[in-house]
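Here is a short report for a reader new to this structure. Please look at the sequence and the model before reading on.

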Amino acid sequence: MKIKRFFNDLAKCWPGLIYIVSFALFSPIMGLVNRPFGTVRNLASIVDSWIPFRAEFILTYHSWMPSLVILGLAFYYQAVKPLASPASLAAVQSSKDYQLYRDFCLCLLLGQALAHFSFPFFQTAVPRYQFSEAPQGLFEFLVAKTYAVDNQYCGFPSIHMLTSLLAIYFVFKSQFKTWVKALVAIHFSLIIASTMLVKQHVFWDFPGGFIYACIAFFCLPLNRRLANRLDQRMLRSQQPRG
C-alpha cells in the first residue's frame with residue numbers, strides 16, 4: 001500500500017524529475033567534441049606509470065551514469081516520501097530534501113556543461129593501455145570495446161571525477177542513514193579510481209575535475225534563481241485551467 005501511495009505521489013510530481021533526466025540526456029553531447037581540435041596535449045606524468053592496469057574495474061567505470069541517476073532519484077524520493085498522499089508539487093518544492101536534490105542536479109548540469117564547453121579549447125589525449133595480444137577474458141574485451149567507442153580527447157577535466165565528488169558531498173548532506181552514506185561514498189571513490197585503473201584518464205585530469213566541481217558548487221546561487229523560475233512554470237502547468 002505504501003509503495004502504491006508513493007508511485008501515486010510520484011506520478012503527480014513527475015515534473016520535478018526534469019533535473020536529473022536533463023543531466024542524463026545531455027551527457028552524450030560529449031561525443032560531439034570528443035575528437036581532436038587543434039593542439040592535442042598529453043598530460044600523462046610519472047604518477048600514471050605507477051598506476052597499474054586493472055581491467056576488472058571497467059564494470060565500476062561504466063556504473064558511473066546509472067549510479068548518478070539512481071542517487072538523484074533517491075534524493076527526489078526523500079522529498080516525496082514524507083508527504084501525505086496525494087502529494088502536491090508545491091509541497092515537494094518547499095521541502096529541504098527537494099532543495100538538496102535540485103542543488104545536486106544543478107551542480108551536475110553546470111559542471112558537465114562547463115567541461116563540454118572547454119574540451120574543444122583544451123584537447124588532451126589519454127594514453128591507452130596497449131594489449132600485447134588480443135584481449136583476454138570478459139573484462140579486457142569490455143575495455144577494448146570501450147576504447148573503440150569512446151575517444152580519448154576529453155580527459156581534462158574528468159567529468160567522472162567532478163560528478164563523483166559532487167555525489168559524495170551531497171550524499172553526506174542528505175538524511176540517508178550513515179551506512180548508506182558510507183556505501184555511496186565508497187562506490188563513487190571506486191568510480192574515480194577506476195578511470196585511472198582502466199586508463200581512461202590520467203592523474204592531472206583529477207585536479208581539473210575538482211576545480212570544475214568547485215566552480216559548479218559556487219555558482220549555485222545563480223543557478224537557483226534560474227531553477228526557481230522553472231519550478232514556478234512547472235507549478236503553473238500543474239494548475240487546472242478554468
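## Basis

This is a predicted model, in which local features need pLDDT of at least 70, side-chain atom pairs count only at pLDDT 80 or more, and totals for chains, interfaces and linings use all residues. Residues are numbered from 1 along each chain as its sequence is written, and side-chain values use heavy atoms, without hydrogens and water.

Helices (H or I, at least four residues) are DSSP runs numbered from the N terminus, as are strands (E, at least two).

## H8 against H10

Helix H8 spans residues 96–118 and helix H10 spans residues 159–173. Their axes come within 10 Å and cross at roughly 165 degrees. That makes H8 roughly antiparallel to H10. Axes are lines fitted to C-alpha atoms, for helices over the stretch in contact, and angles run from 0 to 180 degrees between N-to-C directions. Angles under 35 degrees count as roughly parallel, over 145 as roughly antiparallel, 65 to 115 as roughly perpendicular and the rest as oblique.

Residues of H8 that meet H10 include Leu-100, Phe-104 and Leu-108. Those of H10 include Ile-159, Leu-166 and Phe-170. Contact means heavy atoms within 4.5 Å. By class, the contact of H8 with H10 has 10 nonpolar, four polar and two charged residues. Ala, Val, Leu, Ile, Met, Phe, Trp, Tyr, Cys and Pro count as nonpolar, Asp, Glu, Lys and Arg as charged, and the others, Gly among them, as polar.

## H6 against H10

H6 packs on H10 at an angle of about 25 degrees, with the axes 11 Å apart. H6 and H10 are therefore roughly parallel to each other. From H6, Trp-64, Leu-68, Leu-71 and Phe-75 take part. Their partners in H10 include His-160, Thr-163 and Val-171. This contact of H6 with H10 has eight nonpolar, three polar and no charged residues.

The largest pocket has a volume of about 500 Å³. Of its 24 lining residues, Met-30, Tyr-61, Trp-64, Asp-150 and His-160 are the closest to its centre. A pocket is an open set of points on a 1 Å grid over the protein atoms alone, where a 1.4 Å probe fits, with protein on both sides within 12 Å along at least five of seven lines; lining residues have an atom within 4 Å of a point. H6 and H10 are among the helices that each supply at least two residues of this lining.

The second largest pocket holds about 210 Å³ of space. H13 gives the largest share of its lining, six residues.

How values were computed. Points joined across faces, edges and corners; volume = space filled by probe spheres on them.
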